[in-house]
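The sequence and the model come first.

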Amino acid sequence: MPPQLVCFDCDSTLSAIEGIDELARLRGPDVFAQVERMTREAMDGGIALEEIFARRLELIRPHQDELRHIGELYVRHIEPEATDTLSRLRAEGWTPVIVSGGFRQAIFPLARHLGIERVEAVDIFFHDDGTYHNFGRDCPTARARGKNAVIAALKAELHPARTVMVGDGASDMETSPDVDLFVGFGRYAMREKVKTGAGAFILRLGELPSLLQPAYFAGIHSASPTH
Ligand SMILES: [Mg+2]
């Protein structure tokens, strides 16, 4: 049977934190304020992601140990219904994937915790002593519409019967034309644009299993114009 894919954003969706903001916080209030502003503008859709991606990392230059620390924070601040929701979705034939503009090594512990095997995110490269070297400039999610590119590649590879994206930000909602349903998530960050533009909008991950029922998708299709 073809899989049904449910793609999750990570920051402010599977976990309450924004990894990049937590990294910036380690550099003091000035860097934090700058990075937070850039992140917010990107998530609200005001500026293109690739414009700020390199700039944020050059400001922070995270050490390998600091990325590990962010990994612990993701798990500590996990969305309280995430674990239960994922086991219910799996039981109903959904395969979860993380599609994130965050950093792959920091997200792995949360993915492992949730039993999610596939993480599409941005690699960070370190020198041998653990200091920052570079980021994966060819990782799609470091660019605008990168989540669309990842979803297109997943669909070409896995031929899913259905694809759903769940997330809080503009880059998540951008995937709408490429998925069967985009579910906006407002537990940690409530964005008016996402709330009004999403196919569905939820405040707890626990609302997902009852939403992602075959009848719901049948309804979507019967509601669309036939000519
Ligand atoms: Mg997010």
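Helices here are DSSP runs of H or I with at least four residues, strands are runs of E with at least two, and both are numbered from the N terminus. In that numbering, Ala 198 is placed in the loop between α9 and β8 (200-202). The model is a predicted one.

**Residues around the end of the numbering**

Ala 198 has 23 other C-beta atoms within 10 Å; the cut-off for a buried residue is 20 or more, so Ala 198 is buried. Apart from neighbours within four places in sequence, Ala 198 is in contact with Met 173, Phe 182, Val 183 and Gly 184. Of these, Val 183 lies 15 residues from Ala 198 in sequence, and the two C-alpha atoms are 5.9 Å apart.

Thr 196 belongs to helix α9 (residues 192-197). Is Thr 196 buried or exposed? Thr 196 has 9 C-beta neighbours inside 10 Å and therefore counts as exposed. From Thr 196 to Gly 184 the separation is 12 residues in sequence and 9.0 Å in space, C-alpha to C-alpha.

**Two helix pairs**

Two packed helices are described by the angle between their axes and the distance between the axes. The table gives these values for two pairs.

| Helix pair | Axis distance | Axis angle |
|---|---|---|
| α4 (residues 64-76) and α6 (residues 104-114) | within 7 Å | roughly 30° |
| α2 (residues 29-43) and α3 (residues 49-60) | 10 Å | about 165° |

The axes of α4 and α6 cross at roughly 30°, which makes α4 roughly parallel to α6. Their crossing is right-handed. On the α4 side, the contact is made by Leu 67, Ile 70, Gly 71, Glu 72, Tyr 74 and Val 75; on the α6 side, by Gln 105, Ala 106, Ile 107, Phe 108, Pro 109, Leu 110 and His 113. Sorted by class, the residues of this contact are nine nonpolar, three polar and one charged.

α2 and α3 pack at an angle of about 165°, which makes α2 roughly antiparallel to α3. The crossing of α2 past α3 is left-handed. Val 31, Gln 34, Val 35, Met 38 and Ala 42 of α2 make the contact with Leu 49, Ile 52, Arg 55, Arg 56, Leu 59 and Ile 60 of α3. Eight residues of the contact of α2 with α3 are nonpolar, one is polar and two are charged.

The buried residues of α6 are Arg 104, Gln 105, Ala 106, Ile 107, Leu 110, Ala 111 and Leu 114. What covers them includes α1, α4, α5 (82-91), β2, β3 and β4 (124-126). Just after α6, Gly 115 has a positive phi of about 70°.

Leu 14 sits in the loop between β1 and α1 (19-25). Because 29 other C-beta atoms lie within 10 Å of Leu 14, this residue is buried. Leu 14 and Ser 176 are 162 residues apart along the chain, and their C-alpha atoms are separated by 19 Å.

**Helix α7**

How far apart are the end C-alpha atoms of helix α7 (residues 146-158)? They are 18 Å apart, which agrees with the 18 Å that its 13 residues should span at 1.5 Å a residue. In α7, Gly 146, Lys 147, Asn 148, Val 150, Ile 151 and Leu 154 are buried. These buried residues pack against β1 (4-8), β2 (94-103), β3 (118-122), β6 (162-167) and α8 (170-173).

Most residues other than glycine have a negative phi. His 159 is in the loop between α7 and β6, and with 10 C-beta neighbours inside 10 Å it counts as exposed.

Arg 61 likewise has a positive phi of about 45° although it is not a glycine. Arg 61 lies in the loop between α3 and α4. With 12 other C-beta atoms within 10 Å, Arg 61 is exposed.

Terms used:
Residues numbered from 1 in each chain as written. Predicted model: local features only at pLDDT ≥ 70, side-chain atom pairs only at ≥ 80, totals over all residues. Axes fitted to C-alpha atoms, helices over the stretch in contact; angles between N-to-C directions. Parallel < 35°, antiparallel > 145°, perpendicular 65-115°, else oblique. Left-handed = near helix turned anticlockwise from the far one by under 90°. Contact = placed C-beta atoms within 7 Å. Nonpolar A, V, L, I, M, F, W, Y, C, P; charged D, E, K, R; others polar. Expected span 1.5 Å × (residues − 1).
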